Amino acid sequence: MQKAIQFLDTHNERFLEELFQLLRIKSVSTDDKYKDEVIKAAQEVRNRLEEAGADHCEVMPTAGHPVVYADKIIDEKLPTVVVYGHYDVQPADPVELWDTDPFDPQIRKTDIHPDGAIFARGSADDKGQMFMHVKAFEAMMKTNSLPCNVKFMIEGEEEVGSPSLPVFLTENKEKLAGDVILISDTGLLSLEQPSITTGLRGMSYVEVTVTGPNRDLHSGLYGGSVANPINILSQLIADLHDDDNHINIPGFYDDVEEVSPDERQAIAKSPFDEDQYKKELGIEAVWGEKGYSTQERSSIRPSLDCNGIWGGYTQPGAKTIIPSKAHAKISMRLVPGQDPYAITELIGNHLRNVAPDYVKIEVNYLHGGIPYVCPIDTPEYKAAANAMKVSFQKEPIPLRSGGSIPIVALFEQTLKMKSVLLGFGLNSDAIHSPNEHFGLRNFKIGQETICRFYEHYAGLKKQ
Ligand code: BES
Ligand code: MN
Ligand code: MN
């Protein structure tokens, strides 16, 4: 393995240049305008895997964006690691808030990254992290040190809820068969205190439309006598939390699995600086569900947020109307026990029940995902923990994340495989935000840890 680690050192500059090339491709999955760029990114990833030494490298079409597949089967009797990642990215908007072009990667130093970080959309989520796997694989191939079989499945629809993947997994069960899924699309506590993600929240995402009068009305002639859908929608959204910031939907918490006192204690002991957290976000105070800490609120407890709200006149100047319609996008992060479809029913029924007669309300499901918890007594978790311990010279701690990767629960259901979430991003990387970045040290230590993961995993599976 030492040879592979050395290979990573020697070729670091070239790897960065190759990653930059991938980051320059605007593979924004949510916007049809970028369809060709999405395909270009898929081809680029495919070509890099082929150069790295993989076989059967393909860009496989789906009903939506393609999946890149590649593999290296060195011996049928050895265990197989299936690497999952995504080459699609979030839109760069609002572009004017970026210090440099989101699709022209630049290296800059920051307080947290004194050695420099790569600033570009997708640098941390997930092109940079996915690319660590391609390069770790290359290093092991070129130094003859790959100790087990590998399959790559890199998708292009993660940021839009992976709509084509359920069918893709069912149709390619044999092809994707393996022992464990390995994913780097989450984060670490810090480079000083490594952690491994042991849980992801699920999701129910809905769009709500409130309709009042059948057309926009003059707000002088009708103001005061006809309900304004924007006013009503705002009230409905405000009422979705009670005074203790509990989510105010009957039955919402019924199936929530309470976390054990032991796990809560472990969370309380993990390093977290609330003052630093507030400072970084420019807020004076934190907010959330009564009875839970900031870290608990954003990992082991469900949440509900309005992601966008619109309606009426929003152009420059004043226009005096009562709008006919108001719209909002609402997402709910779910925790183990909660079912996205049941929760979608609950919010729909609730909003229809409480909406007053003078408006009509429509609730449409956009996408969802099942929550995931990862056991820590498995060979794959131990391999990940051992690998981290060598790289960081410190034992990693298991921690649940608040983010979602809906496909992880599906991997378990359809392919009967558990996932290891070996992520190297930091919360401060600004994923989905302007000035997204990924530390150079994170990029490097990630590649090394991935190589070590294979070594430990193959070793543990042999026993
Ligand atoms: N990589 C993130 C999820 C993530 C980030 C998990 C950091 C844990 C730590 C992923 O690309 C993502 O953004 N997922 C979406 C899911 C959605 C589009 C269905 C999310 O969490 O909003
Ligand atoms: Mn991601
Ligand atoms: Mn993302």
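Predicted model: local features only at pLDDT ≥ 70, side-chain atom pairs only at ≥ 80, totals over all residues.
I took the classes as follows: four donors are tetrahedral if all angles lie between 85 and 135 degrees; four are square planar and six octahedral if opposite donors are over 155 degrees apart and all others between 65 and 115; anything else is irregular. For reference, ideal angles are 109.5 degrees for four tetrahedral donors and 90 or 180 degrees for six octahedral ones.

I then listed the protein donors: Asp 125 (OD), Glu 159 (OE), Glu 159 (OE) and His 432 (NE2), lying 2.1 to 2.5 Å from the ion. Donors here are N, O and S atoms within 2.8 Å of the metal (3.2 Å for Na, K and Ca); water is not among the atoms, so sites may look incomplete. Along the chain the spacing reads D-x33-E-x272-H. Asp 125 sits in the loop between strand E5 (117-119) and H4, and His 432 in the loop between strand E17 (419-421) and strand E18 (437-439), so the pair ties together parts 307 residues apart in sequence. Helices (H or I, at least four residues) and strands (E, at least two) are DSSP runs, numbered from the N terminus.

**Manganese ion (ligand 2)**

I checked the manganese ion (ligand 2) next. His 86 (NE2), Asp 125 (OD), Asp 185 (OD) and Asp 185 (OD) coordinate this ion at 2.0 to 2.4 Å. Its site is irregular too, with angles of 57 to 165 degrees among six donor atoms. The donor spacing is H-x38-D-x59-D. His 86 lies in strand E3 (residues 80-86) and Asp 185 in the loop between strand E7 (180-183) and strand E8 (195-200), so this pair ties together parts 99 residues apart in sequence.

Which residue coordinates both ions? I found Asp 125, with the two manganese ions 3.6 Å apart.

**Backbone**

I went through the peptide bonds. The one from Asp 125 to Asp 126 is cis, with omega near -5 degrees. Asp 126 lies in the loop between E5 and H4. Pro 94 is in the loop between E3 and strand E4 (106-108). I also noted His 56, not a glycine, with a positive phi of about 50 degrees. His 56 belongs to strand E1 (residues 55-60). Most residues other than glycine have a negative phi, and most peptide bonds are trans.

**Helices against H4**

I looked up H2 (residues 12-23) and H4 (residues 127-142): their axes come within 11 Å and cross at roughly 140 degrees. That makes H2 oblique to H4. Axes are lines fitted to C-alpha atoms, for helices over the stretch in contact, and angles run from 0 to 180 degrees between N-to-C directions. Under 35 degrees counts as roughly parallel, over 145 as roughly antiparallel, 65 to 115 as roughly perpendicular, the rest as oblique.

Helix H1 (residues 2-10) packs on H4 at about 120 degrees, axes 8 Å apart. That makes H1 oblique to H4. I listed the contacts (heavy atoms within 4.5 Å). Ala 4, Phe 7 and Leu 8 in H1 meet H4 residues including Lys 135, Ala 136 and Glu 138.

**Conventions**

I number residues from 1 along each chain as its sequence is written, letter chains from A and number ligands from 1 in the order written. Local features need pLDDT of at least 70, side-chain atom pairs count only at pLDDT 80 or more, and totals for chains, interfaces and linings use all residues; side-chain values use heavy atoms, leaving out hydrogens and water.
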